[in-house]
Amino acid sequence: MRFREYRRIDFGTDLIAEAVRATVADLIRLEMPDAELDSVRMATPEDDVDEEAVVVARWRRSGGLYRDCTLDAEELTAVLVGWCRLAGVPLPRTAEKAIEPAEDGVSLVIRQRGLGRPRHLH
C-alpha cells in the first residue's frame, strides 16, 4: 500500500515578515549594516519590480532612507522552509515544497508522494 502526505501552512504578511527577519536579515545587513525590516507586502503588477517578484521587503536605513528588496517564489519558499526549521515545524526533507497565493499572503504547500509502508509498526 502506498500513501502520500499533503500539507498547507498559511503565511500572512506578518508571518512572512517574521520569517524574513529570522532568516535573511543578517545577509541584508552584510550589505546594509544599518538596515531594519520596515514592512513586507505582496508584490502587485503595479509595482516597479521584477515581474517574478512575489514579495517586496522594505528595509529602513539610518537617515530615513528606504530600500525595497524583492523575493521571487523560489527565494520565498526557501525563507519559509528556513523559518519552519527555526520554529521547530517538522517538514519532510524529500517532500516537494512550493508556495501558492493565499488570501493575505501565501501558503507553503508540502507534498510527499509514494511513501511506502513502514517495515515495523509499533
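Guide: Let us take the sheet, then one arginine.

Guide: This is a predicted model, where local features need pLDDT of at least 70, side-chain atom pairs count only at pLDDT 80 or more, and totals for chains, interfaces and linings use all residues. Residues are numbered from 1 along each chain as its sequence is written, and side-chain values use heavy atoms, with hydrogens and water left out.

Visitor: What is the order of the strands in the open sheet?

Guide: Strands are DSSP runs (E, at least two residues), numbered from the N terminus, and two of them pair if DSSP finds at least two bridges between them. Here three strands form an open sheet in the order S2-S3-S4, with antiparallel pairing. S2 (36–42) and S4 (65–72) each have a single partner strand, so one side of each lacks a neighbour in the sheet. Eight bridges join S3 (residues 53–61) to S4, and Val55 stands opposite Leu71 in S4.

Visitor: Is Arg7 buried, exposed or partly exposed, and which is its strand?

Guide: Buried means under 20% relative accessible area, exposed over 50%, and partly exposed in between (1.4 Å probe, protein chains only). Arg7, in strand S1 (residues 3–12), has 25% relative accessibility and therefore counts as partly exposed.

Visitor: Which residues is Arg7 in contact with, leaving aside neighbours within four places in sequence?

Guide: Contact means heavy atoms within 4.5 Å. With those neighbours left aside, Arg7 is in contact with Pro90, Leu91, Pro92, Leu108, Val109 and Ile110. By contrast, Asp68 is 31 Å from Arg7, C-alpha to C-alpha.

Technical notes: Helices (H or I, at least four residues) and strands (E, at least two) are DSSP runs, numbered from the N terminus.
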